[in-house]
Amino acid sequence: MNHTITDKMNPLTKLSIHPPDKNVKKKLSKAEEPFLFLTKEDEIYAYVYLDDLEKESEFTLETLEACSVPISNVGEWKIGHSVSLPMIFQVLGEHITMVKNEEDEWEGYLRREDALVELLRKDNKNLDLLKVMLSSIPMGVFIVDADRRVVNCNDSGLKMIKSTYKEMINSPANDTFDPEHIEKVFATGETMLNQILITDDMGVLVDYSPIINDDKVVDGMMIIVQDLPMVEDMAMEIEYVKNLNTDLNAILATMYDEILVVNRKGELLRHSENFIPDFWGVDNLSELIGKSLLDFEKRGAFSPSVARLVIEKKKKVSVVQETSDGKSVLAVGNPVFNDEGDVHRVIIASRDITETTKLKSELRETKRISKNYKEELEKLKSKDKPAHKIIYCSSKMEQVMNRTKKLADFNSTVLILGESGVGKELIAKTIHREGNRSDKPYLALNCGAISEDLLESELFGYTKGAFTGADANGKIGYFEQADKGVLFLDEISEIPLRLQVKLLRVLQEKEVTPVGSTKSIPVDVQIIAATNRDLEKMVDKGTFREDLYYRINVIPINIPPLRERSEDVPLLAFHFLQQLNEQYNKSYHLSPEALNMLEVYDWPGNIRELQNLIERLVVTTDDEVISAEFVSQSLKFGESKQAKPMVTGILPLQEARDHLEEQLIVLAMKKYKTTTRAAKALEISQSAVSRKYQKIMEKQNTVES
């Protein structure tokens, strides 16, 4: 047996757990070492480090066993056997190492420091501990002694400084690294980090760390080296994230609205600097971090809770919240979904609409917002020149534009679907400008604006003397004029059945026969059709040919109505307002509250209605700042004329009253949005409207479920 091991080996103080030892206190008092070994049926299964136990506690078998460490966690040193690298790391992990004799019996234990000294003393050709550990580190490591000489290093470091082990070992560290930095670390004992070292042969980032002995004297140095290209990439990525956070914080700080971020439980996670005073009942929103905003609705502080509605409905919700003291706040909540499709976060933007801001501050804020939107518009314009007239920021329109761009290299027939006023022809022009036919003709024809006979001659053309009143030289139709280019057929649903047959032939055979002629003329035209009607229903009713429907419905593009992409309303409004200001040399602005009115409106006429409204506001306003009240009058948010209900059948009087009351409250809330304004229109109390409307909504939810 190795004598150095036996000299440092400590005896085992055992305590039986099963059967229970009756002399616990006696054995503990005689124990000279702080390690106690627990046995069951004379087999050691755990140990206890007594120094970790509280001095005042009473040592019982139960407390000792509860604080014990399984003996399986401890490294085993078998006398006469070789030592493996994993065993060295096991020795590092526990206070002790167990020693077994040649008969595989527990002989004693070594303390961790004694075991490490013995391991490093062993002459084992298969094990070079420092070399293995240093080689496994991805960064460069150089060990320098008190004489400033390199005594060890790893392969990663040698590669980074483009040197060899033979050249570096016992060489002066000052020859490779910065002498001033080395001397400063030896003199002060302080670490120097992130020092850039660039020579003709290398570019590295260097950390100088002192090695201090027990006498608090610098006994050496560890130099950590990182390859500069890798560090540059890391630094650039960190700088990008920092800049992104700075930009986001700056955006939040300049927001006019109060911005809140809550989790799926309604708990507040973070907020913007701006917040609505006297609404939450706190001096700073930071006091509400980690608390549920849903509790405010339960306590009656305000109603309804936009966070609750977004979590329940899993979609964007806009509400007007009213407090008990009469404050009104417009709140818009947007859900953020996780990979499973569940609501992960709710982003809430709130604005106090109780009072009107003074004209000076309102004008300043409006100009700031106007400037931001103008910059955004310029970005959108410069981003894609062919599509500079498409103003949008919503994800739905982003999908439409992405699909439009994908058509650039193809000549497929396109069917644009959407309500009147959504900009179908603008999309058609964009397809032409971005496509491979952009330098060829683009013609547009509204099929519902002219008669059947005239439509036929316009589309297909006619020959000399084809009919009475015809041009003496004949006429070339739209198909021939648009050859090699694009023909946009708006309101294609209005084409008569007789002409649908002829149109289908042109699409199938790619040739056109003018009126009055028997000779077909080949044409190469990309067709873009558009309609605001449901062609499938027309096919079912027999008013539109099924074969023609499938022929034009190759690439459908559905443009969402403006009410489904309210985030586009401010951009469009500022765009139209800017055009009018430039046209008439004016400087009109929309107030923040006016923008709010535009965002919550349904826009049945879509973009065309919005454009007409902006022009009406500019022409009729007397103030430079267009207020919310003025917009409200133009959108007919005011009280409507009283209309007498018409009864068409006999029913119980009370049932008729209840039915009429329910209809009036629902209509009032749909039109005026808030219980205060609805109550004023109905000439009843606000609390009555709130109570009755909530009851109606609960009744509708019960029926739907």
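How many helices and strands are there in the chain? The chain of this predicted model holds 27 helices and 27 strands, where helices (H or I, at least four residues) and strands (E, at least two) are DSSP runs numbered from the N terminus. Local features need pLDDT of at least 70, side-chain atom pairs count only at pLDDT 80 or more, and totals for chains, interfaces and linings use all residues. Residues are numbered from 1 along each chain as its sequence is written, and side-chain values use heavy atoms, with hydrogens and water left out.

**Figure 1. Overview of the chain.** Of the 705 residues, 40% count as buried; buried means under 20% relative accessible area, exposed over 50%, and partly exposed in between (1.4 Å probe, protein chains only). The accessible surface comes to about 40,800 Å², and 50% of it belongs to carbon and sulfur atoms; areas come from the Shrake-Rupley method with a 1.4 Å probe, and for residues only the protein chains shown count as cover. Among contacts (heavy atoms within 4.5 Å) between residues at least 6 apart in sequence, 57% join residues at least 24 apart.

**Figure 2. Helix α22.** Helix α22 spans residues 592–600 and is largely enclosed by the rest of the structure, because 7 of its 9 residues are buried. The buried residues are Pro592, Glu593, Ala594, Leu595, Asn596, Met597 and Leu598.

Figure 3. Arg270 belongs to strand β14, which covers residues 268–271, and is partly exposed at a relative accessible area of 48%. Beyond its neighbours within four places in sequence, Arg270 is in contact with Ile259, Leu260, Val261 and Ile289. A C-alpha separation of 8.0 Å is found between Arg270 and Ser286, which lie 16 residues apart along the chain.

**Figure 4. Nonpolar patch including Val241.** Tyr240, Val241, Leu244 and Leu248 make a nonpolar surface patch of about 380 Å². Patches are made of residues with over 30% relative accessible area and no salt bridge, with like charges joined within 9 Å and nonpolar side chains (Val, Leu, Ile, Met, Phe, Trp, Tyr) within 5 Å; a salt bridge places a side-chain nitrogen of Lys or Arg within 4 Å of a carboxyl oxygen of Asp or Glu. Val241 lies in helix α10, residues 228–254, and is partly exposed, with a relative accessible area of 40%.

**Figure 5. Two cysteines, Cys67 and Cys447.** Cys67 is partly exposed at 41% relative accessible area, whereas Cys447 is buried at 2%. The count of disulfides, defined as pairs of cysteine sulfur atoms within 2.5 Å, comes to 0.
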